[in-house]
Amino acid sequence: MGARTSTYGAPGGGPRAPPRGELDHLRPLENVKGAAGAANVEEEITWYQKLNIWMINEGNRVIFFGLWILVHIGLFGLAFFNFFYSDNFVTSRAIVGVTLPIARGAALVLHVDSGVILLPVCRTLISWLRSTPLNRIVPFDKAVTFHKAIAWSIVFFSFLHTFAHYRNFYLLSQAAPEKYNFWHLMFVSGPGWTGHIMLLVLVVMVATALPSVRMKKFETFWYWHHLFLVFFFFFSFHGAFCLLTPDRPPYCKDISAFWKYWVASGFIYLMERVAREWRAKQKTVISRVILHPSKVVEIQIKKDNCRALAGQYIFLCCPEVSLWQWHPFTLTSAPEEDYISVHMRVVGDFTKELSKKLGCDAEGVGEWEESLGDRNGLVTVLPRIMIDGPFGAASEDVFKYEVTVLFGAGIGVTPFASVLKSIWYRVNYPTKATKLHKVYFFWVCRDKESFEWFQSLLLALESQDLNQFIEIHTFLTGRLRHSEVGNLMINEDSAFADTVTGLRARTCFGRPNLDMEFDRIRNSHPDTDIGVFFCGPKRMGKQLHACCTKFSGSGTSFFWHKGTLYSLYPYLFCCLNSFIPHAEAKH
C-alpha cells in the first residue's frame, strides 16, 4: 500500500466533487466554501483560550523580544537619570545640558549590545542550548533574527550617541572658545576621531549586510562584516580620553570599561572559530557525487566521528575554490546512514566552480574537462573539502510530535529529505519507540522537473509505507506546455502512477488550499499537538503561520516551525522567489 492520495474534491477519502470540465484540473485551485470550508467559520472562544492559542506560536518570541526592549529602556533610563541628577557632573551639565545624560545613556546600551551580539552567531553554543529545556522559553531558532535586532539597536544608539556629542562639541566650543575648537573636537580629539572611525565601520558593515547586497554578493558581506574587530578595538579605548571631566576625583579612572562587557562573548566566539579550524582539519572524503535534474548536485561525504540529527546543517569549504569561504548546506542524509549528504543547486559563482571541481558539468560539456579529467572527461581526483558542524535546526523537533506536517517549496524540500529518510528507517528498521505516528508531506514546485530531485526517496517511502505512516501531496504551480497537457490528458485516468511524479499519489495542479488541508488534518487528529515545519519563501510561510494560529483550538494545536534553507545560500532569496506559487509561471 502506498501513501494516501489527497484530491480536492474528496478530502480524506470522501465523495469526489462533480467534474469541473475537461481541463479544469489544470487550473489554480480556489478556496472551497461550504462543508470543506467549514474552517472559515470562526468559533466563539474566550479570551483565555485566545491567549493560549497566541502563546503556542507567538507568545515566547514576542515576550522574549518584549523583555529585551524593556531591558534596553531600563539600561538607558538608569544611565540617563544617573548623569541627569548626579552631583559629580554639575559643571558639565551646566554647559551641555540634557545631551550629556543622553550620550551616556546611549553609551551604556551600546556596551551591553556589543557585548551580547556575538553570542547568537556562536552556532555550537546555540545548537547545544536548543537541545536543553531552555529552548521552550528562549527562541534559539531565531538566533540570527536576534543578532540582526541587536545590530539595528547598535545602529540606532550609535547615531543617538554621536548626535548628542555633536551638540556637546558645539556647546563646549561656544562656552570656552579659547579651550575648545569645534572641528578639533570633531576630528582631532580622542573621542572624535575614534568615534568617527567606529561610525564609518558600522555604516560599511550595515550597508554590506543589507539583503540586496548579502544575497547577491555574499563574499562582500562576509569579508566586510569582519570589520567588527576594528569596531571592538576602537570601542575598547574610545571612552578613555575623558572629554567631560567629573567634578571630583578620581575623575576619569576606569572609564574605559568596554572590554569587561565583551570579554565573555569574545572568548566564546574565539573558541567557536578555533573549534571550526579543528573540525576542518579532520579527514573528510567525498564518497559519491550525483548530478540531478535542474542543476542540483548531490554530494555524499564520509567523515569519522561526525554524528548528525535529521534536519541539521553543516558549513562546507573547498580550498580549491576558496580557502576562506564557508557556505552552509542542509543535510539530506539520515542519521542512520553511514555518510552525510547535501544537495546543492548550481546557481552562483561558488556552486558553479565547486560543481566543476566535482566533475558535474551542470552547464554542459566545457573545456574544464581537459584539465580535470581523463580522456573521456571523467574526473579521477576529487577536491579536498572541509566541514564544520553539524548544527541544530528547527527540523530536529519533528520527532517530538505525534503528528507532523512537512511543507516544502521547490528546493526548500531539502531539510525534509533527511527527516523522511530517518522516518523510513525508523518504520522499517525500528530500534526504539518513536512518538511520531503520522506525517503529512506537502511539496510545491513550479516545474515538474524539480520533482525528480527526491523521486527515488518518495517512491521508496510509498512502496514500503505499510502502515499509512506518510501521506504525500505534490503540487505543480507552473504553466505546462500544450504537448505536456495532452500527454497528461491521455495518461491521467489510465496510468497506475502519477504522470508527473511517478508516485501513486496524484499531483494537484495549482496552489494548495491551506484552509481545507488544515481543517482536514485538525478533524483527523482531535486533541493532538501537531508540529508544522516549513522551508520556503516568506510569503507562503506567512500564510502557513496564519493557518497554524487560525486552526489551533478545541484541543488541537498547530506548532509553527520555520526552517532556514541552506542549499542555495547565499543566493537563497533570489532563487526562492522563483518558487512562490503562481497561477501561471513566467520564465
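Leaving aside neighbours within four places in sequence, which residues is Arg130 in contact with? Select Asn135, Phe140, Asp141, Gly392, Ala393, Ala394, Glu396 and Asp397: those are the contacts of Arg130, where contact means heavy atoms within 4.5 Å.

Before going further, two notes on the model. It is predicted, so local features need pLDDT of at least 70 and side-chain atom pairs count only at pLDDT 80 or more, while totals for chains, interfaces and linings use all residues. Residues are numbered from 1 along each chain as its sequence is written, and side-chain values use heavy atoms, with hydrogens and water left out.

**Stop 1: around Arg130**

Arg130 sits in the loop between α4 (123-129) and α5. Helices (H or I, at least four residues) and strands (E, at least two) are DSSP runs, numbered from the N terminus. Arg130 counts as buried because its relative accessibility is 3%; buried is under 20% relative accessible area, exposed is over 50% and partly exposed is in between (1.4 Å probe, protein chains only). A salt bridge here is a side-chain nitrogen of Lys or Arg within 4 Å of a carboxyl oxygen of Asp or Glu. Between Asp397 and Lys400, the closest N and O atoms are 3.0 Å apart. Asp397 is buried at 6% relative accessibility, whereas Lys400 is partly exposed at 49%.

**Stop 2**

The whole structure has 12 salt bridges. Pick Lys302 and Asp338, whose side chains meet in one of them (3.9 Å, N to O). Lys302 is in strand β2 (residues 296-303) and Asp338 in the loop between β4 (327-330) and β5 (340-345), so the pair ties together parts 36 residues apart in sequence. Lys302 is partly exposed at 39%, and Asp338 is exposed at 58%.

Next, select Lys421 and Glu337, another salt bridge, with its closest N and O atoms 3.9 Å apart. Lys421 is in helix α14 (residues 414-428) and Glu337 in the loop between β4 and β5, so this pair ties together parts 84 residues apart in sequence. Both Lys421 and Glu337 are buried.

**Stop 2**

**Stop 3: helix α17**

Is helix α17 (residues 514-524) largely enclosed or open? Nine of its 11 residues are buried, so α17 is largely enclosed by the rest of the structure. Among the buried ones are Phe518, Arg520 and Ile521. What covers the buried residues of α17 includes β7 (403-409), β8 (438-445) and α18 (538-550).

**Last look: the whole protein**

Zoom out and colour by secondary structure to see 19 helices and 12 strands. Of the 587 residues, 52% count as buried.
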